[in-house]
Amino acid sequence: MTDFSPTDHAMMARALRLAECGAYTTKPNPMVGCVIARGDEVVGEGWHQRKGGPHAEVFALQAAGERAKGATAYVTLEPCAHVGNTGPCADALVAAGVSRVVAAMRDPFPKVDGRGFARLRDAGIDVGVGLMEAQARTLNNGFLSRIERGRPWVRVKLACSLDGRTAMASGDSKWISGEASRADVMRWRARAGAILTGAGTVLADDPSLTVRFDEPREFVAPLRVVLDPGLATVARGKVREGDAPTLYLHAPDAKPPRELAADRAAVPVKGGKFDLQAVLALLAQREVNDVHVETGATLAGALLMAGLVDELLLYVAPVVLGDTARPLFGGLGFTEMAQRLQMRMVETRRIGDDLRLLLHPRTA
């Protein structure tokens with residue numbers, strides 16, 4: 001186990017903050033930050049800003065110039081060792097003459113996966129790995145999920161009352177949460193590779209599922225995905241408006257309209273319900289790292305029961321809707337306490353008048 005100094009920790013923390021600057025723009029690439037330092041003096045820094053553009057190490061080395069020679073490079077992910085849209089960052093670090101590289105974690109992407117570290121060590125550079133790895137993994141949980149598990153990270157966003165209800169019995173749900181919470185949701189949407197919903201939500205609420213900021217911000221528009229077995233919604237709805245792309249996933253036997261121009265794909269259906277594993281595998285093939293789910297109780301419950309919810313983003317509003325209102329999750333059908341699904345509280349935060357909870361399912 002490598003011993004890391006307080007300076008190492010401070011520099012890696014700075015690199016992680018830099019990496020997050022690309023949260024809205026790097027997808028489907030991972031967020032990466034880099035700091036070049038001589039002792040406790042930062043001589044260059046940068047972050048990966050967008051797919052096809054220079055990597056974090058390139059920006060940091062350009063800023064450092066000749067002062068990179070003999071310096072330490074702190075990177076939040078293993079430097080690449082292959083030629084993609086840009087040259088290998090490992091080679092750039094070698095050419096710049098850095099004496100040491102500290103990385104938060106190995107990159108599991110098959111074209112990297114240890115090759116960057118090997119290139120650096122072969123050049124005589126001291127390499128330390130594993131500093132603040134947990135934070136680095138959390139930063140890129142979507143990218144890592146796609147590469148390591150073959151499916152995107154799934155976040156289900158819900159808003160509920162104090163009594164755990166999401167809408168009145170009629171379906172009316174505007175608005176349970178406050179304006180500050182709705183603005184906060186836009187930031188989560190902007191980070192996602194796709195926003196997923198079901199046909200029932202499209203028909204009932206007519207959502208646009210777009211990112212809308214009060215002030216101009218650069219972001220890559222998430223793919224809007226509608227699970228619609230019979231393609232009942234393709235001719236209507238705000239989900240087809242605007243510049244954001246839309247994908248309809250339907251049953252193999254669905255009969256699309258003769259002149260359907262929308263992007264669509266067939267997904268297997270089991271027992272009259274979508275094979276949700278297949279849905280996520282298809283999205284991973286389209287390089288979607290994170291799926292942000294905004295839907296009703298039925299689909300939310302199906303994802304939960306299938307063990308496919310990685311994260312629950314819950315906005316609890318200080319209102320009471322009553323016992324005839326709709327629940328958070330449908331189809332669970334629990335009858336015994338032993339059947340309960342346990343959640344681990346990751347974060348709680350006050351957002352306006354609401355309480356935002358970030359929860360992960362307990363796996364053990």
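**Notebook: packing around H3**

I looked up the handedness first: H2 passes H3 in a left-handed crossing. The contact draws on Glu57, Val58 and Leu61 from H2, and on Cys89, Ala92, Leu93 and Ala96 from H3. I sorted these residues by class and got 6 nonpolar, no polar and 1 charged. I note that this is a predicted model.

Next I took the geometry of this pair. The axes of H2 (residues 56-64) and H3 come within 9 Å and cross at roughly 20°.

H3 (residues 89-96) packs with H4 (residues 115-122) at an angle of about 20°, the axes being 9 Å apart. H3 and H4 are therefore also logged as roughly parallel to each other. The crossing of H3 and H4 is right-handed, whereas that of H2 and H3 is left-handed. On the H3 side I listed Ala90, Asp91, Leu93 and Val94, which meet Gly116, Arg119 and Leu120 of H4. The residues of this contact divide into 4 nonpolar, 1 polar and 2 charged. Leu93 is listed in the contact with H2 and in the one with H4.

Last, I checked burial in H4. Gly116, Phe117 and Leu120 are buried. Viewed down the H4 axis, the buried residues fall within an arc of 95°, so they line one face of the helix. I looked for what covers them and found, among others, H3, strand E4 (100-103) and strand E5 (126-129). Just after H4, I noted a positive phi of about 85° at Gly124.

Key:
Residues numbered from 1 in each chain as written. Predicted model: local features only at pLDDT ≥ 70, side-chain atom pairs only at ≥ 80, totals over all residues. Heavy atoms only, no water. Axes fitted to C-alpha atoms, helices over the stretch in contact; angles between N-to-C directions. Helix = DSSP H or I, 4+ residues; strand = E, 2+ residues; numbered from the N terminus. Parallel < 35°, antiparallel > 145°, perpendicular 65-115°, else oblique. Left-handed = near helix turned anticlockwise from the far one by under 90°. Contact = heavy atoms within 4.5 Å. Nonpolar A, V, L, I, M, F, W, Y, C, P; charged D, E, K, R; others polar. Buried < 20%, exposed > 50% of the residue type's maximum accessible area, 1.4 Å probe, protein only. Arc of directions from axis to C-beta.
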